[in-house]
Amino acid sequence: MTDFPLEETRVEKPDKSFFVPKLCNACDHSPCVQVCPVGATFETPDGAVLVDPEYCIGCRYCIQACPYGTRFLNPITGVADKCTLCYHRIHNGQQPACVENCPTQARLFGDLKDHDGPLNQFLREHKIQVLKPHLNTYPKVFYSGIDKEVR
Amino acid sequence: MPDQSHLYEALKHVVGYIYPNDIEAHWSILIVLYPYLTGLVAGAFILASLERVFNVREVRPTYRLALLTALAFMLIAPLPLLSHLAKPLRFWEILVTPHLTSAMAMFGFVYMWYLMVVLLLEIWFDYRRDFVVWSRESKGFKKFLYSVLTLGVTDISEKAIRFDEAAVKTITIIGIPSAFLLHGYVGFIFGSIKANPWWSSVLMPVIFLFSAIVSGIALVMLIYLLSNKIPPRQAEHGVS
Amino acid sequence: MPPQVSRLILIFAFIGVAFVATRWWARPDTFGQYGHYRGIALSNAITRSPHYIPKSTCAECHEEEAALNSAGPHKNVSCQICHGAGAVHAEDPQTSNIKKPEVTATCSRCHEARAARPANFPQINIAEHAEGEPCNSCHVVHNPSETK
């Protein structure tokens, strides 16, 4: 990447810029679940997408298939890994760690099926965008206020 | 624990958090090798079928060589895949619990179909008469080996041989679309990944197929040349 | 039927039966309980122990810091943002895997001026603002609105 003409193309003062934290989008139609040859990546009944570390064979097909680049081969366990939506926390009445620890409370977690819940209320009242909607993955992670240029 | 030093090296250049796949090519040389080998199989088989089905007399001496080349490369084609798995000892899960929506899992069945029903059967029918003759002529371990390969069928009457030839022809006719399926499916494994715009194309199976035919025929030509030149001797492949 | 064919049918039938039997035998017990995966993976995922603890757990022992912190603009910032995950330390206070953060680098992660940050968020150009001094030579880190 050293040959890339970063210096010439850099805009001194960008018109707009965004922080876009990229996390597992917990897609409803997950490409990573679809391509897993053994059923080691799966969608739980409540909509999270998890990896079974004792069953994954490490073929890395899911890493290639994830449009958001959020799958990786865990160098310590040697199998594919991903954000678990803090499945162990949300099932014990806690918020996911990123939601609880975000210093500016920029993240919101809730039950999408609860139509009057705070999450659905937020989704109704704000301009919502999902990443790469053209791939029909139907993400369950929504971004408020980002531009459609953000991918 | 695998070597992670390159990950730590990369971490120095970023602020905060990155995924390991931002700095690693996760499908590396072994995954490149695998479609290459499968392509050689499909291409070599197409060359063999040229003689059997389309009656191209000129390639007749390469018929058996092409079949054996296809078999040899078919048998080693899964090896790069297997050694690329992070957990190679769990490979059996693909056969025991295949996920039907996964192109990779279904490839296991395409592979088995091609190996068992097309290649092995065609070679067996083609060599059956020879197996019987050799098992009678040779001694010791070779005799045992050839007897096993005849599968206990020692009938080499005129009628049985005619049946074998008809069987080979039928299998080759099934085999041509199967070879297209085999390698076209390899293209589909890559082409069905929507996340990668460079792969995601319906033309992927076609691209794979044509490169397979070219490289497979070239491989058989090369082996044919080499096996006739070194050591220098008469061509002996299937000239009858 | 020619003998070749009947022999092959026999062999293929044997392979087929062996394959089905192996599948039946090797299939994990809880596979397919909820879907195309091992059901036990779900309960394994639920029973993992958390690394991060609620802020109130930190405050149970570290009262002084918690009081200082809750009086200032960092009252919504979790202790673990700067000090790292606290579950191990909370379980056994003798173990100290709590980070003592490098002050200026940690502050700059949020407060270095960036175009993407909201305009009303306090941002500074650290090199100009502090002229090489660490942040805590003027600011009280747990309540940065207080100055020393």
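Predicted model: local features only at pLDDT ≥ 70, side-chain atom pairs only at ≥ 80, totals over all residues.
1. A few words on chain A itself. Its secondary structure comes to six helices and six strands, and along the sequence these follow the pattern α-α-β-β-α-β-β-α-α-α-β-β. The C-alpha trace of chain A spans about 50 × 45 × 30 Å along its principal axes.

2. If you take the contacts in chain A between residues at least 6 apart in sequence, 43% join residues at least 24 apart.

3. Now to the partner chain. In the model, 34 residues of chain A are in contact with 30 residues of chain B. The area buried between the two chains is about 2800 Å², and carbon and sulfur atoms give 57% of that.

4. What about polar links between the chains? The rule finds 20 residue pairs in polar contact across the interface of chain B and chain A, both residues being at pLDDT 80 or more. Salt bridges between chain B and chain A, on the other hand, number zero.

5. Finally, the chain B side of this interface. Helices α5 (93-96) and α6 (103-137) of chain B each supply at least two of the residues that touch chain A. The largest share, three residues, comes from α6(B). By class, the side of chain B that touches chain A has 17 nonpolar, nine polar and four charged residues.

How values were computed. Residues numbered from 1 in each chain as written. Chains lettered and ligands numbered in written order. Heavy atoms only, no water. Contact = heavy atoms within 4.5 Å. Buried area = accessible area lost by both parts, 1.4 Å probe. Salt bridge = Lys/Arg side-chain N within 4 Å of Asp/Glu carboxyl O. Polar contact = N/O pair within 3.5 Å; in protein donor to acceptor, adjacent residues only side chain to side chain. Helix = DSSP H or I, 4+ residues; strand = E, 2+ residues; numbered from the N terminus. Nonpolar A, V, L, I, M, F, W, Y, C, P; charged D, E, K, R; others polar.
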